[in-house]
Amino acid sequence: MSILSLPFLLLTAGAGAACWLTPGKARRITVLLANLVFLAFLVSRILDVIYVLVLFAWTWGFALLIEKKKTKGITALGIAVPVLGLVLCKYAGFFVGAGWVMPLGVSFYSFKAVSYLADVSQGKLSARDPISVFDYLIFFPVFTAGPINRAEPFFAELEGPWQFDYADQKKGFVQAMLGCFEKLVIADQLAVGVRAYLDPKLTGWYTVFGVLLYAFQIYVDFDAYSNVAIGAARLLGFHIDRNFHTPYLSLTIPEFWRRWHISLSSWLRDYVYIPLGGSRRGTLRRIVNVLITFLVSGLWHGSTAVFAVWGLGHGILSLLETPLQKALKNHKGLRVLSPVLILVNFALVSLLWIFFRSATMAEAFGIFARMGQVSGLPALSYEAAGITLNEQTWLLILLGVVFVTDVLRYFFDMNELLAKQFILVRWLVYAALILIAIVFGVYGPGFHPEDFIYVTF
């Protein structure tokens, strides 16, 4: 079920209303029923449903065992199963052929299972009953592609008192709607440009522009998904932290990862980097730990060599830029270089996205080779790219919109800022967004809104 589909919309609206009408702790049952309805929509992928149910049973049972026994061996066994299951799901395609379809959402709920078991082992959480664990692992707004919400705040809201708050509900609705706007109007229009300008027949500045468009496409696409998921969760009374915070305005790679896919990067920090020893065991060990963590990040996204290179590339750059990060922190005067550092950092991230997008190393190096054929001043012909002048103009406008809104989001919470405006101004903005979505949105026959980039991970 796509989060942009009518069934998802109806499920969210129905579950939200039911949650606020259900008294006390019985709301856990309401969330449970909503999650079961969501799984029922996956009945065509029955193996996916069976797998997540088996993993749920394992996670619930082993959390109780870990809490009772508190031995490293039991904890390791409990965590090993979701980890090995994820590895098998990721790499099974190598053995069964191209027809293998990875279980939907497995990368996200597997990490949630691991963090829950680890938190119980460390005494941060008490083991929960099966209903609460089920609600956490299979929470439908974030099931398919995250964010990877943590167990402790989720259980606090699931099991605590609920009080209807109209202003909070409105913020959730607006955030979800803005996510839909990002996807239909911006991300999918950028996707059209990416396909046009990264055509293998084009070289030079065309390829460079295609790489630039892809950097913005993947950002807006995943930010859109996160906003819809977070907004939908808020309508059910759950507050999930933002997953992106203007990552392309980062000065360094370490800062980029504090702003990009925040739920994943913080998860890797807490459950991979720190358990490995973090930076507590000397410089050499820190280097190894950083590289392992980024390699895990790469392989979490995909099982091919390009993802390993993408992850390790970020790890190497992060290590190289650590002295710069410290210098920026200790010498505020260096901030005058911020515009240059932002551009350099964005260029490095965009180049690494080439590996992320490519199916093979040969394809990635082919893009690099075509980029290397630039000559003279930047010049692009929309006709050579196979698009119209209007389409190219719209692409440039969208890039400008993303840049301007990101600068604003760097300083303000846009949802809060909009909520503070006079009611007429707010509704004029809402009406304008709806009109733009109707006129410029990508939808209709042949369009599949479930094609979010991160759904494939």
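Colleague: Let's start with Asp188 and Lys183: are they buried or exposed?

Modeller: Asp188 is buried, and Lys183 is buried as well. Keep in mind that we are looking at a predicted model.

Colleague: What do those two side chains form with each other?

Modeller: Here's the general idea: side chains of opposite charge can pair when their charged atoms come close. In this structure, Asp188 and Lys183 form a salt bridge, with the closest N and O atoms 3.2 Å apart.

Colleague: How many salt bridges are there by this rule?

Modeller: The count comes to twelve. One of them links Asp270 with Arg150, where the closest N and O atoms are 2.9 Å apart.

Colleague: Where do Asp270 and Arg150 lie?

Modeller: Asp270 is in helix H12 (residues 262-273), while Arg150 is in the loop between helix H7 (130-137) and helix H8 (151-159), so the pair ties together parts that are 120 residues apart in sequence. Asp270 counts as partly exposed, because its relative accessibility is 22%. Arg150 is partly exposed too, at 22% relative accessibility.

Colleague: And what about Arg259 and Glu255: how are they placed in helix H11?

Modeller: They sit four residues apart in helix H11 (residues 253-259), so about one helical turn separates Arg259 from Glu255. Their side chains meet in a salt bridge, 3.1 Å from N to O. With under 20% as the cut-off for buried, Arg259 makes it at 12% relative accessibility, and Glu255 is buried with a relative accessible area of 10%.

Colleague: Which residues do shared partners join into one network?

Modeller: Arg150, Arg269 and Asp270 are joined that way, through salt bridges that share partners.

Methods: Residues numbered from 1 in each chain as written. Predicted model: local features only at pLDDT ≥ 70, side-chain atom pairs only at ≥ 80, totals over all residues. Heavy atoms only, no water. Salt bridge = Lys/Arg side-chain N within 4 Å of Asp/Glu carboxyl O. Helix = DSSP H or I, 4+ residues; strand = E, 2+ residues; numbered from the N terminus. Buried < 20%, exposed > 50% of the residue type's maximum accessible area, 1.4 Å probe, protein only.
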